[in-house]
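Please look over the sequence and the structure shown here before reading further. The paragraphs that follow lead from the overall layout to individual residues.

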Amino acid sequence: MAISMVTVTVTLLLALVATVDSARHQILLNHGFESSLRGHWEGSGFTIALSDDARSGQHSLKSSNRMTNHFAGPGQLVNLTPGKLYNFTAYIKQLNDSPGKMFQKYRANMNYIYADDGSKFNQYVAYHTSVRSADGWFRLGGFFRAPTRAFTEAKIHIQTPDIGIEFL
């Protein structure tokens, strides 16, 4: 029996690529941020915009004006297969530091809504606990398996550091 694995590769901030029997299929829309963010990426309670400061390509997604929720971060609804293995990789650049704190913590998160009862499940898929703006671009990555229980919605996003921290 062949094992199918879905590879999540982040270009600048976030990209999701499905790999099935050596074929790669892009899951995220506008994963390289080379066109408008509208209709693809969302940010609730803060500002998302294209930036010319990019790790590769011409643009990245900038998260700014994060003044109310420490967990607020850019996200996108994705079409995942229950039980399938995924590999996530993101490249992030922190733009400022929080006074009095040596480091910031970042994590990638999947949020699911189950089909049978509407309950929610949060799955943390990657962590980085020692980030400073002086570090420049850093890699955030890890493997995860989508739940085997049927879900109606899956959303991937970056959970971010303290309020006031801006990042690409």
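In what order do the elements of the protein chain run from the N terminus on? They run β-β-β-β-β-β-β-β-β-β-β, and the protein chain accordingly holds zero helices and eleven strands. Helices (H or I, at least four residues) and strands (E, at least two) are DSSP runs, numbered from the N terminus. The model is predicted: local features need pLDDT of at least 70, side-chain atom pairs count only at pLDDT 80 or more, and totals for chains, interfaces and linings use all residues. Residues are numbered from 1 along each chain as its sequence is written, and side-chain values use heavy atoms, with hydrogens and water left out.

Of the 168 residues of the protein chain, 46% count as buried. Buried means under 20% relative accessible area, exposed over 50%, and partly exposed in between, with a 1.4 Å probe and protein chains only. Among the contacts in the protein chain with a separation of 6 or more, 67% are between residues 24 or more positions apart; a contact means heavy atoms within 4.5 Å.

Eight of its eleven residues are buried, so β8 is largely enclosed by the rest of the structure. Two strands pair if DSSP finds at least two bridges between them. With strand β9 (residues 120–131), β8 pairs in the antiparallel sense over nine bridges, and Y106 stands opposite H128 in β9. Five residues lie between the strands in the hairpin of β8 and β9, where G118 takes a positive phi near 75°. Strand β8 is also joined by eight bridges to strand β11 (residues 151–159), and these two run antiparallel. Here N111 stands opposite K155 in β11.

Q159 is found in strand β11. This residue is buried, with a relative accessible area of 11%. Its side chain makes a polar contact with the side chain of R107, at 2.4 Å. A polar contact is a pair of N or O atoms within 3.5 Å; within protein, one must be able to donate a hydrogen and the other to accept it, and residues adjacent in sequence count only if both atoms are side-chain atoms. Not counting residues up to four places away in sequence, Q159 touches F71, K105, Y106, R107, N109 and Y124.

The next topic is the nonpolar interior. A nonpolar core is a set of buried Ala, Val, Leu, Ile, Met, Phe, Trp, Tyr and Cys residues joined through side-chain atoms within 4.5 Å. The largest such core has 24 residues, and those with the most contacts inside it are L80, F88, M110 and L140. Two or more residues of this core come from each of β7 (85–93), β8, β9, β10 (137–145) and β11. Strand β8 gives the most, with five residues.

L140 has its place in strand β10 and is buried, with a relative accessible area of 0%. Leaving aside neighbours within four places in sequence, L140 is in contact with F88, T89, A90, I92, Y106, R107, A108, A126, Y127, H128 and I158. The C-alpha atoms of L140 and A108 are separated by 7.7 Å, although the two residues are 32 residues apart along the chain. A90, in strand β7, also counts as buried, at 0% relative accessibility. From C-alpha to C-alpha, A90 and A108 are 8.6 Å apart in space and 18 residues apart in sequence.

Aromatic rings come next. Rings of Phe, Tyr and Trp (its six-membered ring) pair if their centres lie within 6.5 Å; planes under 30 degrees apart count as stacked, over 60 as edge-to-face and the rest as tilted. A search of the whole structure finds seven aromatic pairs. The rings of Y86 and F144 have centres 5.2 Å apart and planes at 15°, so this pair is stacked. Because Y86 lies in strand β7 and F144 in strand β10, the pair ties together parts that are 58 residues apart in sequence. Both Y86 and F144 are buried. Elsewhere, Y112, Y114, F121 and F151 form one aromatic cluster.

Two rings also have a charge over them. This applies if NZ of Lys or CZ of Arg is within 6 Å of the ring centre and within 35 degrees of the ring normal. The charged end of R149 sits over the ring of Y114, 3.8 Å from its centre, and R55 lies over the face of Y91, at 3.6 Å from the ring centre.
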